[in-house]
Structures are given as C-alpha cells and as structure tokens.
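These are my notebook entries on a structure that I had not looked at before.

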Amino acid sequence: MTTQTTAPETAGTTGTALAGLIAIPANTARALATGGAALTIISTFLAWTWTSAFPGDLTVYGYPGGLQVLVLIGAILTTLFCLASYGVKGLGWLIPAGADGAIKFAALATFATTWYTVLAISVDLGGAVNLEPGGYIAALGSLTALLGALALPFEHPTPDPIDPDDTSWEHNKHKAAHQWQTVKAAFSSGTARPVGALPSYAEILIIVAVLAIGLTVFTYGIGTEYDELFIGFLITVGLGFAALGKSGLVAQASQITARHQNITTCGAFVAAALFPFTQTDDQYATLGVYILIFATVALGLNIVVGLAGLLDLGYVAFLGVGAYAAAMVSGSPSSPFDLHLPFWAAALVGAGASLVFGVLIGAPTLRLRGDYLAIVTLGFGEIFRITANNLDGTSGPDITNGSNGISSIPNLDVLGFDFGAVHDIGGFSIGRFANYFFLMLLVTAVVVLVFRRSGDSRIGRAWVAIREDETAALAMGINGFRVKLIAFAVGASLAGLAGTIQAHVTYTVTPEQYLFAGPIPPNSAFLLAAVVLGGMGTISGPLIGASLLFLIPNKLQFLGDYQLFAFGLALILLMRFRPEGMIPNRRRQLEFHEEAEAPTVLTKAGA
Amino acid sequence: MTTDTTTTVAPAAERVLDARGVTMRFGGLTAVRNVDLHVNAGEIVGLIGPNGAGKTTFFNCLTGLYIPTEGEVRYKDTVLPPKSFKVTAAGIARTFQNIRLFANMTVLENVLVGRHTRTKEGFWSAILRGPGFHKAEAASRARAMELLEFVGLEKKADHLSRNLPYGEQRKLEIARALASEPGLLLLDEPTAGMNPQETRATEELVFAIRDKGIAVLVIEHDMRFIFNLCDRVAVLVQGEKLVEGDSATVQGDERVVAAYLGEPFEDAPGNEEIAEVEAAEANADTPADTEAPTDADTPADAETTTDAAPGKENDR
C-alpha cells in the first residue's frame with residue numbers, strides 16, 4: 001500500500017540512484033561546470049560596466065578590480081576542483097574527500113558573488129544597460145557553472161514511506177522534508193582520507209601557507225573600503241570556506257595543525273603580528289586593535305561560559321573595572337588620584353581590581369545555579385555602570401568623574417618606547433594603534449595560554465565536570481563553589497588586564513562604554529554572542545566570532561538601526577542550524593548532532 | 001552477632017563506617033528513623049528494603065548530600081563533614097542509582113575527575129606547568145588507566161562516556177568512584193536494568209573490589225545478587241532498620257517476608273488455611289462457610305497494604 005503511494009511521487013528523482021538536481025547527463029554537466037568557470041575567469045579580465053561610478057572601477061580591460069577579484073578567486077577555485085575531478089595529474093591533493101560537493105559550493109560562491117555584483121551595478125547605476133559585455137559574460141558563465149555543478153550526480157537519500165492515512169498537509173510536510181534531505185545530500189561529500197606521513201618540514205610549510213592565507217583573508221576583509229566589496233567578501237569567504245570544507249582540505253589542514261599545536265599557535269601569533277606591516281597607515285590598525293580587545297575579552301568569557309558553564313551576562317563590567325583602575329593610576333588630569341604608575345604596575349592594578357570585584361560578586365552569587373546566576377550577573381553589570389555614572393561628586397563621592405568619565409589618558413611609555421608616536425621598523429612606519437596592537441597581542445597570548453593550560457588540567461576537568469553534572473562532580477570530591485569561584489576570578493582578571501590597555505587605546509573611559517547591550521562592541525551581549533557564534537569551549541571560535549561581530553557593524557554602515565535586529569535574526573538562525581558555533585568544539589559537535597555518524601572517539605582534549 | 005559472620009574476612013574488624021541513630025526528617029515526614037549501621041573493613045554489607053523504605057535517603061545522609069536531622073556518621077572514628085565533596089575526600093565514594101556520568105567527557109577524563117581529591121595541582125600549577133605538574137598528571141593518567149583495566153574499559157578510554165552501552169556506563173561509574181581511593185564504596189543499585197550475565201560480572205567486580213581492601217555497602221533489589229554477595233544484610237522498612245544479619249538470618253526472618261509480601265493471617269496461617277480453602281472448593285455445596293473467612297481476610301490484607309503505602313512516598 002505504502003509503496004504504491006510513494007512510487008509515482010518519487011519516480012522522477014529516484015529513477016536512477018545517481019542523478020543530479022537538474023536532469024543533464026553527468027559528463028555534460030561536468031563539462032558545463034568547467035567551461036562556465038573558465039568563462040567566468042576570462043570575464044573577470046573584461047570590463048563589467050562603462051563608468052567608474054560603481055566603486056572598485058570595474059571598467060578596465062585586462063586587469064580585474066574590486067569585486068572582480070573575488071569572482072576570479074571563486075572561479076579559479078571552481079575550475080581547479082573541476083579539473084581535479086577529471087583526474088588531472090597533480091591536482092588530486094585538492095580533493096581528499098571527493099570533488100563534487102566542493103564543486104557545487106565553489107560554483108555557488110562564484111555565482112552568488114557574480115550575480116550580487118551584477119545586480120549591485122544595475123541597482124546602483126539604474127538599470128542593466130550599465131553593464132558592459134564582460135558583465136553579461138560573467139553572469140552567464142557563473143550561471144552555467146552553477147547549473148553544471150548542480151547537475152552533477154549524487155546519491156539520493158531514500159524517502160521514508162508515506163502513511164496514506166495522513167492529511168495532505170502532512171504529505172506536503174513529508175515531501176518538503178525529503179526534498180530538504182535531497183538538497184543536503186546533493187551538497188554533501190565523503191570524509192577526508194587521513195593525511196599521509198609527510199616530512200615535518202613539509203607539514204610546517206603547509207601550516208605557514210595556511211596561516212598566510214588566513215592573514216591575507218583577514219587583511220583583505222579589514223581593508224575592504226565599501227559596503228558592496230565587504231558583502232561580496234563575506235559571500236565568497238563563507239561559501240568558499242564551505243567548498244574547501246567539502247573538499248576535505250580543511251579537515252586535512254586541521255589534522256596537520258593538530259600534530260604541531262605549539263607551532264601553529266606560535267605561527268598564528270606571528271601572522272597576527274605581521275598584520276600592521278601589511279598596512280600603509282594607521283586606519284585599519286585601529287580596527288585591528290579594537291577587534292583584538294573585543295576578541296580577548298570574549299576569550300576570557302569563554303573560560304567562564306565555555307569551560308565552567310557559568311552564564312555571565314555582566315562580563316563587560318570586569319573590563320570596565322580594569323579600564324577605570326588603569327585610568328585612575330595613569331596620571332590623567334581628570335583622575336582623582338595624582339598617580340602615574342608604570343605600565344606593569346597599572347596592568348597589575350587593573351587585573352587586581354577586577355579580580356577583587358570578581359570575587360566580591362562571585363562569592364555570594366556562585367551558590368546559585370543556571371538562570372539565577374545569569375540574572376544576578378546581569379544585575380551586577382548594570383550596577384557597575386550606574387555606580388560609575390553616579391560617583392561624580394554630586395550624587396556621590398567624586399571618583400569616576402561621572403558620565404564624563406576619565407579623559408585624556410596619556411599614552412603608555414614602556415622602557416622609553418612611546419606608544420603614541422610613529423616608529424619606523426624595517427622601513428614600515430608603525431603608528432599609535434599598531435603599537436597598541438602589538439601590546440594587545442601579548443595580552444591575547446596570555447589569555448590563550450591561560451585558556452589552553454588551565455583547560456587541560458585538573459582544574460579544567462573540574463570545570464567541565466561541574467558544567468556537566470554538578471551533583472556528581474561534588475560527589476567526586478570537587479569543591480564546586482571554590483572551583484567556580486576560581487573560574488570567575490580568572491575570567492574577571494583577564495578581562496581587567498585587557499581593560500588596562502583599552503583605557504589607553506580609547507583615551508577616555510566612560511560608563512557608556514560598558515553597556516549590557518549596545519550597537520558598539522564590546523558589551524556583555526555581544527561578548528556572549530561572539531562566544532556562542534564562534535563556538536563555546538574553543539580558542540579560535542571566540543576570536544573569529546569577535547572579528548565578525550566587530551567588522552560587520554563597522555563595515556556595513558547602511559544597516560544602521562537594523563543592526564541589532566539583524567544580529568538577533570542571525571543568532572536565531574545559527575542556533576537552529578549550527579548550535580555548536582562556527583568552530584565547533586568536537587565535544588559539542590557530538591553533543592548536538594547525535595544522529596550524525598560522528599567519530600565516537602575523541603582524541604586529545606577536544607578543541 | 002554480626003562479627004561472627006565476618007571473622008573469616010577481616011579478623012581485625014576495624015569499623016570503616018559507623019552510623020548511629022541516623023534520623024532524617026523532611027518537614028513532618030520521617031524518611032529515616034534512628035538507623036544504626038556499621039561496616040567493617042573488608043566487608044560487603046547489603047542494604048535492602050521495599051521501594052520507598054528510605055535506602056537512598058540513608059545513602060544521601062552518609063555521603064553528605066543530606067545532613068541528618070539527628071545522629072552522626074563516623075568514618076574511621078572521625079565524624080563526617082556535612083559536605084559531599086568533603087565526604088569523598090575523607091574516603092567514602094559512591095555511585096548513583098540513575099547513572100550520573102559526565103556524559104560529554106571521555107571515559108579517561110571521567111576517571112581523572114575522580115582523581116580530583118587525591119591530586120593537589122591548582123590553577124597556578126596548571127598555568128606554569130612545572131615538572132611537578134607533568135609528574136602528577138602522568139601519575140594520574142597511569143592510575144586512571146589502571147582502574148579502567150580493572151573494570152575492563154581500557155580499550156574505550158578515548159570514547160565519550162555517553163556512547164558507552166549501559167553496562168559499561170555502570171562499570172565506568174564504579175571506576176570513577178574507585179579513582180578517589182576510597183576506604184568504603186557505596187553502590188546504589190549497581191545492577192539495576194542489567195541482564196543475569198551482567199549481574200554476574202558486577203558480582204565478580206564487587207568481590208574484586210573487596211579483595212583490594214575496600215569495604216562495600218550496596219543497595220540492591222536483586223535478592224540473589226545480595227545474598228550471594230554480602231557478608232551481612234540490613235533490612236530497612238519504612239525508614240527503620242528491621243533486621244540485620246547474614247543471608248540466612250535475613251531470609252528466614254518473618255518480618256522481612258512480611259515487609260515484602262504483606263503479612264500472613266494472624267490466627268491461622270499456613271497449611272490449615274489452604275486445606276480449608278481446598279476443602280471448600282471441593283465441596284461446592286457449602287459456599288457460605290468459605291465465603292465468611294475470605295470476607296474477613298480482605299480487610300486485613302488491605303490494612304497491610306495501606307500501611308506500606310505512606311512508606312512509598314517517604315523516600316524522596
């Protein structure tokens with residue numbers, strides 16, 4: 001009975017076990033994808049529009065510019081994957097997990113970027129007449145490539161039998177679910193074959209290459225000059241990364257980096273330190289240092305939330321305490337204390353003040369569990385801000401100078417190195433923000449070190465145990481309150497440390513910088529969002545999450561008032577489709593995707 | 001009387017656990033009333049009782065999860081502190097009735113967490129990573145692997161504990177409890193939901209634990225398991241200790257049978273009654289005679305069940 005009802009409905013798609021989403025023979029499809037991608041490559045060297053009114057100057061023949069570069073990268077990636085799928089010698093390493101899934105995502109990346117560009121030109125300049133032949137060729141080429149890629153055969157999932165007694169609404173639901181499964185299967189790929197033994201110098205070279213690509217992508221993203229380019233960048237990087245993931249290259253790269261964890265970590269810091277040298281002026285170093293402050297604080301919060309499972313909604317207050325403490329001993333004229341401590345002492349004061357504040361808040365509140373703790377920390381975060389606002393000499397003693405804050409904080413001067421001045425290092429001029437960038441990078445390194453080492457130790461295991469099951473953890477002899485207080489205090493002092501530098505970078509410390517939620521990061525809500533978005537319990541997750549959360553509102557000015565709305569929407573979608581975050585802790589990935597045949601063996605400490 | 005049964009195992013008979021007059025009240029409800037129980041070194045003691053007799057409550061009093069309203073619990077002559085982590089540090093480890101593993105940690109990590117009280121490395125040691133840290137960490141891992149071998153899980157050390165089958169999760173919980181190097185192990189229904197083979201294996205495991213010199217106190221419903229295993233069995237009914245003694249004593253005790261199966265008739269129990277009923281069934285021509293006694297019985301039966309009913313709710 002059931003087979004009778006399902007057979008006619010699914011005959012079209014499951015007639016052959018292997019077929020594409022579009023009915024084109026496999027050979028033709030592959031040829032179409034390759035040809036379309038090649039055509040797109042050629043088109044990027046042509047002019048796409050007649051006028052340079054569209055930003056990025058896409059009018060030049062023989063030299064791709066702006067968005068064309070992104071299209072070119074996507075098209076080259078597609079072509080390479082296609083050629084590799086034909087078995088061209090020397091390209092086999094590109095597709096350790098099979099080519100078709102990768103081709104589909106790469107073609108989708110190319111198509112999306114191209115058509116976004118073409119549409120943006122048409123809309124910006126008022127009509128498709130503004131397109132030069134190159135634009136049409138690009139649109140056509142990328143569309144062909146996408147159609148070809150989608151027609152590539154894949155293994156269709158077998159539909160669940162339909163219950164004929166169901167209502168038509170349920171039939172539709174069932175059909176939609178099956179179609180969604182089919183689409184997911186179309187974009188899926190196999191698991192990557194393990195990396196063979198390479199000589200260690202080769203592995204290190206691969207790590208260097210990966211880091212170099214990472215630095216390039218980050219530098220490009222931070223340096224995008226107009227909205228269209230940044231959106232194109234996000235499309236290309238997002239889908240391109242998915243393509244690399246489907247091809248299995250990401251899995252292989254992470255295998256190699258896992259073999260050399262220390263080298264990778266050091267390399268990542270070197271790559272980050274090279275960032276100011278890629279810049280000609282201080283404009284983007286400013287963004288860099290703000291991102292770094294935000295990311296460091298998010299990483300500190302990740303100790304509290306990700307490892308120990310304590311939901312802290314007032315975390316930004318600790319950053320504020322550190323910043324205020326450092327500002328008061330910085331020799332600023334609006335500070336009530338006439339003190340000018342050297343930087344190391346100021347940093348200690350900032351971290352220490354946050355530590356004391358953290359213990360004071362933690363001691364009474366950490367006896368609470370779950371939601372209650374979140375509410376209380378939220379309250380304390382607000383209390384800090386309001387108190388700082390009121391200690392202005394009229395409503396209370398004059399300590400924080402009220403809403404004006406502590407201003408004109410002098411630049412740091414460590415061992416005769418003036419952070420406010422421009423220095424020449426090896427022919428590169430390193431400005432004020434770049435100086436602070438280096439200092440902040442050091443603090444980030446400290447936080448990363450604390451996170452990694454404490455996470456993989458007796459105390460870190462106790463944190464995770466408390467997060468998993470507090471009663472059982474207590475029965476195992478873990479002093480829950482003490483261990484949680486340590487997590488809280490460590491998180492607080494790391495935020496305080498970052499705050500001491502933030503005070504100097506921003507010149508001024510005001511209560512309004514430390515809101516619960518606001519359009520400008522860092523604030524408590526954004527910090528938590530960065531942790532959740534990036535991936536709880538990982539190191540790279542909050543760093544990437546923070547970069548995105550900082551760059552997107554910064555680059556997409558047109559979002560304006562809708563920014564928070566957009567973030568809310570993005571978070572909901574993320575929680576629905578990828579609850580473990582962008583960079584999943586392997587532990588969490590197993591937790592949220594039980595049905596997937598994830599490896600049951602967890603090697604070496606998860607993240 | 002009890003020492004007689006255990007002399008073969010532990011002649012010294014050092015008292016590992018000594019609970020005196022433990023009473024636990026929740027508001028007006030007395031879940032455990034004036035229970036005395038002691039466990040000698042090298043002994044396996046069973047604690048049985050019908051559902052809701054207060055066994056788990058008594059366990060929670062021993063492990064510091066509850067603070068007894070009255071009475072005191074001593075472990076090797078020191079009064080136990082009223083915090084469960086301090087009890088574990090003192091030397092009493094436990095497992096839970098419904099398995100409470102750290103589901104998203106690996107098998108090895110679970111056991112390492114059990115080592116918490118026997119290691120001292122704090123936050124600074126973890127950050128600075130001196131030679132002492134590496135030594136302690138390696139020792140902990142070695143000990144944890146040893147325990148996993150002991151329970152037979154060494155091959156699954158890197159698996160997530162949630163992915164283990166049920167029987168192995170029970171074993172892992174025991175290994176985790178053993179990691180704290182206890183002098184007394186409390187097992188709360190270790191064979192619940194197990195098939196006979198697994199129960200046999202658990203029995204072997206408990207004997208092996210005893211042979212390591214760890215005393216065991218076990219709650220269980222499986223009578224065969226308990227009477228095979230235990231040197232001494234205590235019966236808890238409605239929060240009170242009814243009997244205590246070796247298997248034969250407890251099995252032969254009428255009050256225990258009554259507590260589990262309901263009380264027999266007060267006046268004429270046994271064969272006479274049966275004979276009477278059979279006679280009545282045979283001679284169907286005199287129904288009135290047989291009906292009278294059955295009518296009289298039913299209220300008596302009902303009384304015993306209603307007596308037991310409040311006990312059911314007493315536990316938690």
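Entry 1, chain A overall. I looked up burial and found that 49% of the 607 residues of chain A count as buried, where buried means under 20% relative accessible area, exposed over 50% and partly exposed in between, with a 1.4 Å probe and protein chains only. I noted that this is a predicted model, in which local features need pLDDT of at least 70, side-chain atom pairs count only at pLDDT 80 or more, and totals for chains, interfaces and linings use all residues. Residues are numbered from 1 along each chain as its sequence is written, chains are lettered from A and ligands numbered from 1 in the order in which they are written, and side-chain values use heavy atoms, with hydrogens and water left out.

I then read off 22 helices and six strands for chain A; helices (H or I, at least four residues) and strands (E, at least two) are DSSP runs, numbered from the N terminus. Of the contacts in chain A with a separation of 6 or more, 76% are between residues 24 or more positions apart, a contact being heavy atoms within 4.5 Å.

I checked α4(A) (residues 100–125) against α5(A) (residues 133–150): their axes come within 8 Å and cross at roughly 155°. The axes are lines fitted to C-alpha atoms, for helices over the stretch in contact, and angles run from 0 to 180 degrees between N-to-C directions. That angle makes α4(A) roughly antiparallel to α5(A), since angles over 145 degrees count as roughly antiparallel, under 35 as roughly parallel, 65 to 115 as roughly perpendicular and the rest as oblique.

The crossing of α4(A) with α5(A) is left-handed, which is to say that the near helix is turned anticlockwise from the far one by less than a right angle; clockwise would be right-handed. On the α4(A) side I listed residues including Ile103(A), Phe111(A) and Trp115(A), and on the α5(A) side residues including Ala138(A), Leu143(A) and Leu146(A). The contact of α4(A) with α5(A) has twelve nonpolar, four polar and one charged residues. Ala, Val, Leu, Ile, Met, Phe, Trp, Tyr, Cys and Pro count as nonpolar, Asp, Glu, Lys and Arg as charged, and the others, Gly among them, as polar.

The axes of α7(A) (residues 200–222) and α9(A) (residues 249–259) come within 10 Å and cross at roughly 115°. I found Glu203(A), Ile206(A), Ile207(A) and Val210(A) of α7(A) in contact with Ala253(A), Ile256(A), Thr257(A) and Arg259(A) of α9(A). By class, that makes five nonpolar, one polar and two charged residues.

How many of the residues of β3(B) (residues 44–48) are buried? Five of the five are, so the strand is largely enclosed by the rest of the structure. I saw Ile44(B), Gly46(B) and Ile48(B) on one side, and Val45(B) and Leu47(B) on the other.

β3(B) pairs in the parallel sense with β8(B) (residues 215–219) over four bridges, pairing being at least two DSSP bridges between two strands. Val45(B) has Leu217(B) as its bridge partner in β8(B). Four bridges also join β3(B) to β9(B) (residues 232–237), again running parallel, and Leu47(B) stands opposite Ala234(B) there.

Lys76(B) is not a glycine but has a positive phi of about 50°. I placed Lys76(B) in the loop between β4 (70–75) and β5 (78–79), partly exposed at a relative accessible area of 38%. Glu189(B), not a glycine either, also has a positive phi of about 50°. Glu189(B) lies in the loop between β7 (184–188) and α8 (196–211) and counts as buried at 9% relative accessibility.
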